[in-house]
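Trainee: I would like to go through this model term by term. Can you tie each label to its definition?

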Amino acid sequence: MKDIVSVDHLRVEFATDGGTVVGVQDVSFTIAPGETLCVVGESGSGKSVTSLSLMRLVEFGGGTITQGALNFTRADGSTLDVAAASAQVMGQVRGNEIGMIFQEPMTALNPVFTIERQLTDGLMLHKGLSQSEATERALDLLKSVRIPEPEQRLKQYPHELSGGMRQRVVIAMAMACEPKLLIADEPTTALDVTIQAEILALINRLKRENGMAVLFITHDMAVVAQMADRVVVMYQGRIVETGPVAQIFENPREDYTKALLAAVPKLGEMKGKAAPERMRLIGDEAARAAQAPRKPRTAKVLLEVKNLTTRFPVKGGILRRTMAQVHAVEDVSFTINVGETLALVGESGCGKSSCGRSILRLIEPTSGEILINGNDIRALNRPDLRRARADMQMVFQDPFASLNPYRRLRAQVAEPLQNFNLASGADLEARVLDLFDRVRLPRDFMNRFPHELSGGQRQRVAIARALALNPKLIVADEAVSALDVSVQAQVLNLMMELQEDLGLSYLFISHDMAVVERVAHQVGVMYLGRIVEIGPRAAIFDNPSHPYTRSLLSAVPIADPATRRFEGDMNFKPISSPIFPLGHQPAKSQYTQVAPGHFVLQG
Amino acid sequence: MKRFLTTKGLIGIVLLLIIAAVAIIGPMVIPPDAATAMDMTARRAPPSMRHLFGTDQLGRDMMFRVILGARTSLEIAVSAVVMSIALGLPLGLISGYFGGFVDNVLMRLVDTLLAFPALLLALTISAVLGPNIQNTIIAIGVAFTPYLARIIRGEALRVAQMPYVEAARASGTTDGMIMIRHVLPNILPAVIVQGTISLAFAILAEAGLSFLGLGTQPPAASWGLMIQASRDQLDIAPWTAVVPGLAVALTVLGLNMFGDVLRDILDPRSK
């Protein structure tokens, strides 16, 4: 059968102030009908440039296709070289014969048009349908992407739908004209893990039913393992390796592919291991050297949180009165031992970040107790709180936003020390140097500004800054989520190393179950502001006892093409709203102990 | 450093240097009464060798008046904008950083001032204080403050929500130090841009006040006053409008170009 797409020696260049930059070069691949080709790579690898070139959208971003052919087999069987096609022909192809799904479902939909309008526009343009025919077809499309109450959805606006439903609409739009090729550019990166599972299953089903070819762009090796028939691994604008998915995962040829795979935490690979373990990265000698046997920990409680509740007012009306409350954190209790990691996992909006911020009182909790070494944080006045925070530091998700772009790194790492007059002059310099050594950053980075560093390096600076005050507890709020997988592994290893050396405790807030399995001693699963299940890591992963924990675990993609999880339709219970009217008093959290230290929320 | 001296930046700096030199040195070298001496035989004379830029309705030499006016106009405009930044920056910074009650009180104050057109406000202040250069500066400075405060507040509000501010707070940095170390440098670009635009408006505001008899008092010269005076004779003596108008335009152009360069110099990312 004729390939739908055949890309031959593609080269795309971008003209910038600093001269010509090559986006991708020498990229060749083919996609057969009914086949999913995954293009995988880290940021800057040129994977998106490749997909945008196929739509000739790359020109809108300042790129030029300077070499190569992009042959696309059209519906009538003729072959079109997209690279040489006129704007008029591309207008017929785009959205009609090639559909595209974007990463961010909110921005891919126009907020001022109803769902009906977004769906019917393309149908009337490309297929020449009348308004009523198009509406009928739109309804069919919504049914085929399994949106509940499709008739009602047609009249709604994008903001009235949840993230998962929006992405379903985007897919319905891409499918509207029954394209022969579907390009999905990181379609689930912005979504929660259960919604990701639903969307992946949906794409699989649509592919099977319509015999489309799918070009799937992603940075996530686990998603690749679940989705791909064949894989193209890209690095710095070039193809490193290409092959069937089983071969890439089981028998990678190139060192880069091997390194990439080694850096991916795989759910289930920590089974039977008592303590967290660093990842064995290729070329990272420090991690390769067998970890010194851990000193047996004497379980000493560092942080004790009792019945923590944090609510935010929802203001409305002309007088901006408080109309309702968001119950962000609801009756949460846990303890963290010295030198241990408690991971809080959950999907967006479950209150895990609010919980972390409440502990540092960066947001004020409504009620509850926070005891660190027996010292009640909530009882402190402002000057005392400021001193107490020296024991608890925070590392944030976005390494680009958590450093001040206008200050040199030396000043940013030294700032906590200066705040408490802990060091000055040569002593301060020595302390800062020591911190840079600790996080394995070259010393001359001290004089740089944040923009001169990569994401992983910035996150190391953020960790150095958090370490400056010799804290006992570090709240890591999605600290590795924004990083590329190889960098993520290095930062995780650094965090675990620091824990061993310094006896740090972490409150590790994350949405990524596979990462949590790697780093955590204890795991708390959060849902709608409450901890629904908490216990030792092994207990949570081997014997998940709350239905939510189970569905969460079943939705995690596994980086192993032999265990495909997203074949049938998947439908998870949508998360309800944590907004309640004023004065609403929810029931207290009652737990059942299913095993020593393993608690499950009742009801 | 060299990278900032783009053609655009160079033009801006050269323009400003010329204008500043004219404004400072000009009044020292030209005869003291040159700008006020009337030549009734050459009223509204077009540009010629005798009067390079022509003369106005009273036969005064336009070139000398533009040179003398530069000093008055720029002195008033620059002082007024510096004053409005001095008032508006702390107001906006505190309001945006702390938010809540403080923000509400300060911004209602600012909104009250905003409810009056800037020129009307300046007019009132100037009328109460009396017409002289100092009072004109105060009037324009106060009238421009709410606009700056509003813009700075918006920027401060944005920056105050950045994770690096939260990180600083978590590591024990006091509010005052956060505002100086973290918020201020990040809102400076907006202040610079707004400041250079305000300078242009300040030159024109001075003109408005002068026209109403409350700014610069004749026979002293200012660019604004000259533009206003040309109003009735645009058809017969267009140069009386073009010459001071061009002076204002070139100044604003120079300022904008210089402002952009200044912003780039302050931004470590552009290095």
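Trainee: What makes domain 1 and domain 2 of chain A the stretches they are?
Mentor: Chain A is divided into domain 1 (5-262) and domain 2 (300-601). The bounds come from an automatic or database domain assignment. Taken over C-alpha atoms, the centres of domain 1 and domain 2 of chain A are separated by 34 Å.

Trainee: What kind of model is this, and how is it numbered?
Mentor: It is a predicted model: local features need pLDDT of at least 70, side-chain atom pairs count only at pLDDT 80 or more, and totals for chains, interfaces and linings use all residues. Residues are numbered from 1 along each chain as its sequence is written, while chains are lettered from A and ligands numbered from 1 in the order in which they are written.

Trainee: How do you know that domain 1 of chain A is in contact with domain 2 of chain A?
Mentor: Contact requires C-beta atoms, placed from the backbone, within 7 Å. By that test, 25 residues of domain 1 of chain A are in contact with 25 residues of domain 2 of chain A.

Trainee: Which elements give two or more residues to the domain 1 side?
Mentor: Helix 8 (193-210), helix 9 (221-227), helix 10 (245-250) and helix 11 (255-262) of chain A. Helices are DSSP runs of H or I with at least four residues; strands are E runs of at least two, and both are numbered from the N terminus. Helix 8 of chain A gives the largest share, nine residues.

Trainee: Why is strand 9 of chain A called largely enclosed?
Mentor: Buried means 20 or more other C-beta atoms within 10 Å of the residue's own, again placed from the backbone; 12 or fewer is exposed, and in between is partly exposed. Five of the six residues of strand 9 (residues 230-235) of chain A are buried, so the rest of the structure largely encloses it.

Trainee: What makes strand 9 of chain A a paired strand?
Mentor: Pairing takes at least two DSSP bridges. Strand 3 (residues 36-40) of chain A pairs with strand 9 of chain A in the parallel sense over four bridges. Val40(A) stands opposite Val233(A) there. Strand 10 (residues 238-244) of chain A runs antiparallel to strand 9 of chain A, joined by six bridges. Here Val231(A) stands opposite Gly243(A).

Trainee: What lies between strand 9 and strand 10 of chain A?
Mentor: Two residues, in a hairpin. Gln236(A) in the turn has a positive phi of about 50°.

Trainee: How many residues of chain A are in contact with chain B?
Mentor: 23 residues of chain A are in contact with 16 residues of chain B. Helix 15 (409-419) of chain A is among the suppliers of at least two residues.

Notes:
Two residues are in contact if their C-beta atoms, placed from the backbone, lie within 7 Å.
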